[in-house]
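Here are my notes for you to read next to the picture. Take them one point at a time.

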Amino acid sequence: MTATLYTLPASHPAYAARLMLEHKGIPYRRVDLLPALHKPLLRLLGFQGTTVPALRLNGRAIQESRAIARALEVERPDPPLLPRDPAQRARVEEAERFGDEELQPVVRRLALWAIRRDLACVRGFLEDARLPVPPGLAARTAGPLIAASARINGVSEERERADLAALPGLLERVDRYVEEGTIGGTEPNAADFQIAPSVRLLMCLDDLRPLIDGRPAAELALRVAPRFPGRVSSVLRDDERALLSG
Ligand SMILES: N[C@@H](CCC(=O)N[C@@H](CS)C(=O)NCC(=O)O)C(=O)O
């Protein structure tokens, strides 16, 4: 089996794909691309869409973390990513959908917004990156690429105020999934791999860490997605921080 995974440094869904490949015991080559520049490059590499994770598995081009989970499940059924019991599977798939469609974009925007205010933090996120350029050069030239990526992903002051206000509710939902046993079991499933990297990336933001530490969501993130280099120093103004407490 040959697998090449295209990612971006600090991409939480790309980390989800890495974790799922590792869970399945599938060896893969990882190629990190540079943000914003990755979009035309993925097209040149034969992918239809412009997002990472992008996986070439035995010649097939697969994008979207949920589609990657299903392709891996077909390729190597054990250990499973989805429960065989239909009712349990439906619960896991709903949590996975929530992680992908509701949590993931909020985390992406908040991270880009905070990183844009603390560009010195970029070097930390490149710690284990496999980029086509030296990490020091990538960090020094990251500003315009991060600004472009923020634009592409709809980051704005107004949007981020709404994202901060939504965050406590999103984390409560993750805690509920853990408490009801949909995620957080001894054998991680596709929803664990979808959600844990998102919470883990939020935990890299000094402003958000106090909101997350000690909750079931934090335990899940640190256990399932332990390796997330990078730390963004405190960048929120008082009025923005107040949005986190409703
Ligand atoms: N929800 C999808 C999308 C992933 C996604 O949006 N990835 C970002 C990086 S974290 C990206 O590639 N953005 C570039 C773009 O939107 O073209 C997934 O889980 O695969």
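1. Glu 64 has a positive phi of about 85°, although it is not a glycine.

2. A word on the source: residues are numbered from 1 along each chain as its sequence is written. This is a predicted model, where local features need pLDDT of at least 70, side-chain atom pairs count only at pLDDT 80 or more, and totals for chains, interfaces and linings use all residues.

3. Buried or exposed: where does Asn 58 fall? A residue is buried with 20 or more other C-beta atoms within 10 Å of its own, exposed with 12 or fewer, and partly exposed in between, with C-beta atoms placed from the backbone. Asn 58 has 9 and is exposed, while Glu 64 has 17 and is partly exposed. Asn 58, in the loop between β3 and β4 (60–63), also has a positive phi, about 50°, without being a glycine.

4. Now look for two cis peptide bonds. One joins Val 52 and Pro 53, with omega about 5°; Pro 53 lies in the loop between α2 (38–44) and β3 (54–57). Another joins Asp 78 and Pro 79, with omega about -5°, and Pro 79 is in the loop between α3 and α4 (86–117).

5. Last, the domains. The assignment, which is automatic or from a database, gives domain 1 (3–75) and domain 2 (86–245). Their centres, taken over C-alpha atoms, are 19 Å apart.

Conventions:
Helices (H or I, at least four residues) and strands (E, at least two) are DSSP runs, numbered from the N terminus.
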